[in-house]
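Hi everyone, thanks for coming.

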Amino acid sequence: MPFSNSSELSPSFLLASIPGLEAAQCWVAIPLCSAYVLAVLANGAVLLVVRAEPGLHAPMYCFLCMLATIDLALATATVPRILSFYWFGSREIGFGACLLQMFLIHSLSAVESAVLLAMAVDRYVAICHPLRHAAILTCGTTAKVGLLAVARGVLFFLPLPLLLLRLPFCGPRVLSHSFCLHQDVMNLACANTTPSVVYGLTAILLVMGLDAVLICLSYLLILKAVLRLAAWRERLKVFSTCVAHICVVLAFYVPLIGLSVVHRFGKDLAPLVHIIMGNVYILVPAVLNPIIYGVRTKQIRRRILSLIHVTDR
């Protein structure tokens, strides 16, 4: 019998357990918790260092702070709930909580994509139009870009949970991941999901897809400008300022594309693949982003090392 999404009878979902390791999930949760703690400490350290270091009060590092805040919010919206399941057996998640978590994951991912695009534009202006960089990318412009990124993420992905509100759910309600994603929840509905499918795909293409295309275009223009330089050493020096951002873009888009491919074409894959890809998508950017910028940025590296009383040699 279908479950109605009414206040009298609201469906709940079961988070996916690790196949074959159900009895050992409490141990599996330890590296997951460690990665989450590392992400919190590393991103928190970046926020503190950028705030305390006057030399880092520039648009690029403001965007880096936005990135760290988004990663913290995204990880916090998912990992504590996963740990409560692995450690305390709290497998069931209510319909409203699931929709909220789903909305946060998709909207925050959209905001992160926009910030990565803004960082690519910052690199383009700094390399191709260095004399106009300070005039174009001011603190006010940076703040407006951040607000527009949040507004776009909310507006584009708020309809996703609203489209699922009226759908009936029946049969087994076991998710493919240890958290809620739109595709995952939508596949459990026992009704026509065409509007959700069409809107979800359109939103992803217009947001993440368009951002990825514009980031590639920015780097094509940067590469064209770099190749005009006469000396190879000068080319490498200029392009090296983009290495950290390129790594961060790959850390975000590769898991995103992998997760999308698994959802749309990997129905015959083992359930473990879905769980691993989901956890990679949530945690890899949050862990790697501050490490990448900490290694590549001398001021951040020195300040963090000073915080732990280690001399930077």
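I'll talk about the disulfides and then a pair of helices.

First, the ground rules: this is a predicted model, where local features need pLDDT of at least 70, side-chain atom pairs count only at pLDDT 80 or more, and totals for chains, interfaces and linings use all residues. Residues are numbered from 1 along each chain as its sequence is written, and side-chain values use heavy atoms, with hydrogens and water left out.

So, how many disulfides does the structure hold? Two, where a disulfide is a pair of cysteine sulfur atoms within 2.5 Å. One joins Cys98 and Cys180, with sulfurs 2.0 Å apart. Cys98 sits in helix 3 and Cys180 in the loop between helix 6 (159–165) and helix 7 (182–186), so this pair ties together parts 82 residues apart in sequence. Helices here are DSSP runs (H or I, at least four residues), numbered from the N terminus. Cys98 is buried, at 0% relative accessible area; buried means under 20%, exposed over 50%, and partly exposed in between, with a 1.4 Å probe and protein chains only.

The other disulfide is Cys170 with Cys190, sulfurs 2.3 Å apart. Here Cys170 is partly exposed at 24%, and Cys190 is too, at 31%.

Now the helices. The axes of helix 2 (residues 59–88) and helix 3 (residues 95–128) come within 10 Å and cross at roughly 160°. Axes are lines fitted to C-alpha atoms over the stretch in contact, and angles run from 0 to 180 degrees between N-to-C directions. That makes the two helices roughly antiparallel, the word for angles over 145 degrees.

Methods:
Angles under 35 degrees count as roughly parallel, over 145 as roughly antiparallel, 65 to 115 as roughly perpendicular and the rest as oblique.
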